[in-house]
Amino acid sequence: SCSFAEFGKQWYQRRVRGHSTQLLSPCQSCHVVSTSLDMTLTVLSTLILAVAMIPLASAGKEEEFDCPHNGRFADRETSCHWYWECHNGYIWYRKCADGTVLNEATQYCDWPYNVDCSEK
C-alpha cells in the first residue's frame, strides 16, 4: 500500500523541481488527487514561513532596551518606524505600518509630520 509520507516526499520533490504538482500518488493502490493536498501544503507552508520570519526581523532588539514602565517607546535609530512595546514585564520589538512612525504622546503609529522623533 502507499504511505502518505512517500506520497508527500514525491510531491515535494516534484514541487522543488518545478513540475506540475497535479499527480496521483506514485503508488497504484492510492487514489488521492494532490490538488487539495497541494493547496493545503501551500497555505500551511506560507503560514509557517510568515510566523517564522517575525522573530528574525526583531531578534535581539528586546535585550537592548529596559522598559521604564508599560507603554510604547520609539527606536530613534530607525526614525521611530520601529518601537518597543512593554507590558507587565514583557517586551516586544514592533514596526509601524509603512509610512507611519510611533507617536509616543498618543501611543499609536501616526504620520511623520505629527511626530517629533528627535533624540530626547
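**Stop one: the disulfides**

Select Cys 96 and Cys 109 to begin: the torsion about their S-S bond is about -75°, so this disulfide is left-handed. Cys 96 sits in the loop between β3 and β4 while Cys 109 is in strand β5, so the pair ties together parts 13 residues apart in sequence. Their sulfur atoms are 2.0 Å apart; a disulfide here is a pair of cysteine sulfur atoms within 2.5 Å. Strands are DSSP runs of E with at least two residues, helices are runs of H or I with at least four, and both are numbered from the N terminus.

Before moving on, a word on what you're looking at. This is a predicted model, where local features need pLDDT of at least 70 and side-chain atom pairs count only at pLDDT 80 or more, while totals for chains, interfaces and linings use all residues. Residues are numbered from 1 along each chain as its sequence is written, and side-chain values use heavy atoms, with hydrogens and water left out.

Now colour by accessibility. Cys 96 is buried, at 3% relative accessible area, and Cys 109 is partly exposed at 34% (buried is under 20%, exposed over 50%, partly exposed in between, with a 1.4 Å probe and protein chains only).

How many disulfides does the structure hold? There are 3. Next, select Cys 67 and Cys 86, joined with an S to S distance of 1.8 Å. The angle about that S-S bond is -75°, and the link is left-handed. Cys 67 lies in the loop between α2 (34-58) and β1 (71-74), and Cys 86 in strand β2 (residues 82-87), so they tie together parts 19 residues apart in sequence. Cys 86 is buried at 4%, whereas Cys 67 is partly exposed at 34%.

Then pick Cys 80 and Cys 117, also a disulfide, with S to S 1.8 Å. Is this one left-handed or right-handed? The torsion is about 95°, so it is right-handed. Cys 80 is in the loop between β1 and β2 and Cys 117 in the segment after β5 (108-110), 37 residues apart. Counting bonded cysteines along the chain, the pattern is 1-3, 2-6, 4-5.

**Stop two: Thr 100**

Select Thr 100, in the loop between β3 (90-95) and β4 (101-103). Thr 100 is buried, at 11% relative accessibility. Show what surrounds it: leaving aside neighbours within four places in sequence, Thr 100 is in contact (heavy atoms within 4.5 Å) with His 81, Cys 109, Asp 110 and Trp 111. Finally, a polar atom of the Thr 100 side chain lies 2.6 Å from the backbone oxygen of Ala 97.

Definitions and conventions
A polar contact is a pair of N or O atoms within 3.5 Å; within protein, one must be able to donate a hydrogen and the other to accept it, and residues adjacent in sequence count only if both atoms are side-chain atoms.
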